[in-house]
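Here is a short briefing for a first look at a structure. Please keep the sequence and the 3D view open while you read.

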Amino acid sequence: PGPLDAGFINDEVGRGIRLNYDFAITPTLFHHVGAGYGRRRSDFYPPAASIGYDNANFYKMPNVTMGPGKASPSFRFAGMQELGGHWDITIERGNTYNFVDSLTWITGNHTVKFGVDFRNYGYNVNYCLQCQGVFNFDGRATSVNDTADANYSVHGHPFASFLTGQPASMRQERGVEPRGFRNGYYSAYIQ
């Protein structure tokens with residue numbers, strides 16, 4: 001992937017641990033207890049971030065910050081192909097804690113199971129839409145010099161405006177807004 005690549009990398013890792021303990025209380029009554037923890041990481045970021053490009057050193061654009069990843073800015077030309085990435089950089093973390101406790105009772109031809117299940121799930125996400133910046137170019141900067149002229153912006157060319165460094169507009173999110181939620185799940189069962 002190059003510095004103007006429009007692809008993305010999804011780096012996703014999940015890890016977990018679970019401890020169980022089973023024992024017979026009597027020949028017809030069995031106890032099971034378990035506890036666990038799971039961690040999920042899922043990051044979406046531009047490929048340029050994995051090979052060390054950054055705006056301040058590569059593009060010499062110190063005012064265009066990168067957010068949680070490093071990527072090329074997006075250069076959009078009216079009526080032409082976009083250069084660079086259209087990035088939505090996402091950093092996600094999820095944690096799950098669980099505890100289960102159950103009894104199995106065997107009586108004659110019947111088996112009865114009952115128990116409880118407790119789970120606590122937490123999810124955090126940092127999301128940044130177009131943190132690297134989006135520069136829009138149209139023909140106005142290289143068009144006729146009279147804004148009252150009916151041909152204003154018709155005679156100019158978006159790429160010529162790019163070459164002169166005259167964007168029509170620029171958009172960039174400045175901060176990464178962290179969001180998160182927590183959810184508890186508790187249940188009992190008999191079967």
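This is a predicted model: local features need pLDDT of at least 70, side-chain atom pairs count only at pLDDT 80 or more; totals for chains, interfaces and linings use all residues.

Residues are numbered from 1 along each chain as its sequence is written, and side-chain values use heavy atoms, with hydrogens and water left out.

- Three strands make an open sheet in the order 3-6-7, with mixed pairing.
- Strand 3 (74-77) and strand 7 (169-171) are the edges; each has a single partner strand, so one side of each has no neighbour in the sheet.
- On average, neighbouring strands of this sheet are turned by 20 degrees against each other, direction ignored.
- The angles rest on axes, which are lines fitted to C-alpha atoms (for helices over the stretch in contact), and run from 0 to 180 degrees between N-to-C directions.
- Strands (E, at least two residues) and helices (H or I, at least four) are DSSP runs, numbered from the N terminus.
- Two strands pair if DSSP finds at least two bridges between them.
- Strand 3 runs parallel to strand 6 (residues 134-137), and four bridges join them.
- Arg76 has Asn136 in strand 6 as its bridge partner, and Ser74 stands opposite Val134 in strand 6.
- Strand 6 pairs with strand 7 in the antiparallel sense, over three bridges.
- On that side, Val134 stands opposite Arg171 in strand 7.
- In a regular strand, side chains alternate between the two faces of the sheet.

**Aromatic rings**

- Rings of Phe, Tyr and Trp (its six-membered ring) pair if their centres lie within 6.5 Å; planes under 30 degrees apart count as stacked, over 60 as edge-to-face and the rest as tilted.
- The count by this rule is 13 aromatic pairs.
- One of them is the tilted pair of Phe77 and Phe159, at 5.4 Å centre to centre and 55 degrees between the planes.
- Phe77 lies in strand 3 and Phe159 in helix 2 (residues 158-163), so this pair ties together parts that are 82 residues apart in sequence.
- Buried means under 20% relative accessible area, exposed over 50%, and partly exposed in between (1.4 Å probe, protein chains only).
- Phe77 is buried, at 6%, whereas Phe159 is partly exposed, at 29%.
- Phe99 and Phe118 form a stacked pair, because their ring centres are 6.2 Å apart and their planes are at 25 degrees.
- Phe99 lies in strand 4 (residues 88-107) and Phe118 in strand 5 (residues 110-129), so the pair ties together parts that are 19 residues apart in sequence.
- Phe99 is partly exposed, at 32%, and Phe118 is partly exposed, at 34%.
- A cluster linked by ring pairs holds Phe75, Phe77, Phe135, Phe137, Phe159 and Phe162.

**Salt bridges**

- A salt bridge is a side-chain nitrogen of Lys or Arg within 4 Å of a carboxyl oxygen of Asp or Glu.
- The whole structure has four salt bridges.
- Glu12 and Arg40 meet in one of these, at 3.3 Å from N to O.
- This pair links distant parts of the chain: Glu12 is in strand 1 (residues 9-26) and Arg40 in strand 2, 28 residues apart.
- Glu12 is partly exposed, at 44%, and Arg40 is partly exposed, at 31%.
- Glu92 forms a salt bridge with Arg40, with the closest N and O atoms 3.3 Å apart.
- Glu92 in strand 4 and Arg40 in strand 2 are 52 residues apart, and the pair links distant parts of the chain.
- Glu92 counts as buried, at 12%.
- Asp117 forms a salt bridge with Arg119, with the closest N and O atoms 3.0 Å apart.
- Asp117 is buried, at 10%, whereas Arg119 counts as partly exposed, at 40%.
- Glu12, Arg40 and Glu92 belong to one network, joined by salt bridges that share partners.

**A loop residue**

- Gln132 sits in the loop between strand 5 and strand 6.
- Gln132 counts as buried, at 0% relative accessibility.
- Gln132 and Ile89 are 43 residues apart in sequence and 9.5 Å apart in space, C-alpha to C-alpha.

**A surface patch**

- Ile17, Leu19, Tyr37 and Tyr97 make a nonpolar surface patch of about 430 Å².
- Patches are made of residues with over 30% relative accessible area and no salt bridge; like charges are joined within 9 Å, and nonpolar side chains (Val, Leu, Ile, Met, Phe, Trp, Tyr) within 5 Å.
- Accessible areas come from the Shrake-Rupley method with a 1.4 Å probe; for residues, only the protein chains shown count as cover.
- Tyr37 is found in strand 2 (residues 29-45).
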